[in-house]
Amino acid sequence: MEFQSRIIFMSYIIYGTGKFSEVLFDEININNENVSAFTLEDNLINSENHLDKPLLPFSEVEKMYNPLEFELIIAILYQEKNQLREKYFLEGLKKGYPMNGFVSNQAKVSKTAIIGKNNIVLGGNLIQTGVQIGNNNIFWNSNHIGHHSEIQNNCFFSSHVVLSGNCKVGSNSFFGVNSTVIDNLVIEDFSLIGAGATVKTNTKKNEVVK
């Protein structure tokens, strides 16, 4: 897993116009940062604006908003096991955007934590000592990410998830609301942890834990 330092940009372009785009727009405003525009696949656009900001065709967005001056962030949830968000994250990189993601200033993140690209960390999250997070993960509000845990890429954490210390989480995993993973476990790729579930043993790839 490779990590790079996260640079904070003060003006964002958000890919997406669903409910999550509204949540993310609000969280960015709470951070006293700015959203300049929204973007979407050309054939999905049926308006010139979204939330009183320009709505731009994705095919042209880098021509209108220079990747050296603006940040692109992908507001797609866990569709297609998080693979749809991964697709647009990679396309954003190809367009030249830094894809540094968004971390709320209402989250508590250890100075020793390492966070990769296009991660979205909403308010109320606690990310403890020595945590390593790959790329393109979403942490909805108020999760506990325990010390020295390692999370790969393209995962989704719903609200009030407890990932205990020293766990390893594979790519494209999903954690439902109020789910709990006890310490020192391995959650393999594409695991689905249901709402309210308690995980007490390692999972297998594609396993569903209810």
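Colleague: Which residues does Asn-206 touch, setting aside those up to four places away in sequence?
Modeller: Asn-206 touches Lys-81, Asp-189, Phe-190 and Ser-191 on that count. Contact here means heavy atoms within 4.5 Å.

Colleague: What sort of model is this?
Modeller: This is a predicted model, in which local features need pLDDT of at least 70 and side-chain atom pairs count only at pLDDT 80 or more, while totals for chains, interfaces and linings use all residues. Residues are numbered from 1 along each chain as its sequence is written, and side-chain values use heavy atoms, with hydrogens and water left out.

Colleague: Back to Asn-206, then. Where is Asn-206 found?
Modeller: Asn-206 is in the loop between strand 22 and strand 23 (208–209). Helices (H or I, at least four residues) and strands (E, at least two) are DSSP runs, numbered from the N terminus.

Colleague: Why is Asn-206 classed as partly exposed?
Modeller: Because its relative accessible area is 43%. Buried means under 20% relative accessible area, exposed over 50%, and partly exposed in between (1.4 Å probe, protein chains only).

Colleague: And what separates the C-alpha atoms of Asn-206 and Lys-117?
Modeller: The two C-alpha atoms are separated by 24 Å, and the residues are 89 apart along the chain.

Colleague: How many bridges pair strand 13 with strand 16?
Modeller: Strand 13 (residues 144–145) pairs with strand 16 (residues 162–163) over 2 bridges, in the parallel sense. Ile-145 stands opposite Leu-163 of strand 16.

Colleague: What about the sheet of 5 strands, in what order does that run?
Modeller: That open sheet has the order 8-11-14-17-20, and the pairing is parallel. Strand 8 (114–115) and strand 20 (186–187) are at the edges with a single partner strand each, so one side of each has no neighbour in the sheet. Further in, strand 11 (residues 132–133) and strand 14 (residues 150–151) run parallel and are joined by 2 bridges. Gln-132 faces Glu-150 of strand 14 there.

Colleague: Change of topic. How many residues are in the largest nonpolar core?
Modeller: The core has 34 residues, and Ile-14, Tyr-15, Leu-24 and Leu-72 touch the most other members. Such a core is a set of buried Ala, Val, Leu, Ile, Met, Phe, Trp, Tyr and Cys residues joined through side-chain atoms within 4.5 Å. Elements giving two or more residues to this core include strand 1 (11–15), strand 5 (71–74) and helix 3. Apart from this core lies another, of 25 residues, among them Ile-115 and Phe-157.

Colleague: Which residues does Tyr-15 touch, not counting those up to four places away in sequence?
Modeller: Among them are Thr-39, Glu-41, Phe-58, Leu-72, Ile-74 and Tyr-88.

Colleague: Last one: what is phi of Glu-80, and of Asn-154?
Modeller: Phi is near 55 degrees for Glu-80 and near 65 degrees for Asn-154. Most residues other than glycine have a negative phi.

Colleague: Is Glu-80 buried or exposed, and Asn-154?
Modeller: Glu-80, in the loop between strand 5 and helix 3, is exposed because its relative accessible area is 54%. Asn-154 lies in the loop between strand 14 and strand 15 (156–157), and Asn-154 counts as buried at 4% relative accessibility.

Note on methods: Two strands pair if DSSP finds at least two bridges between them.
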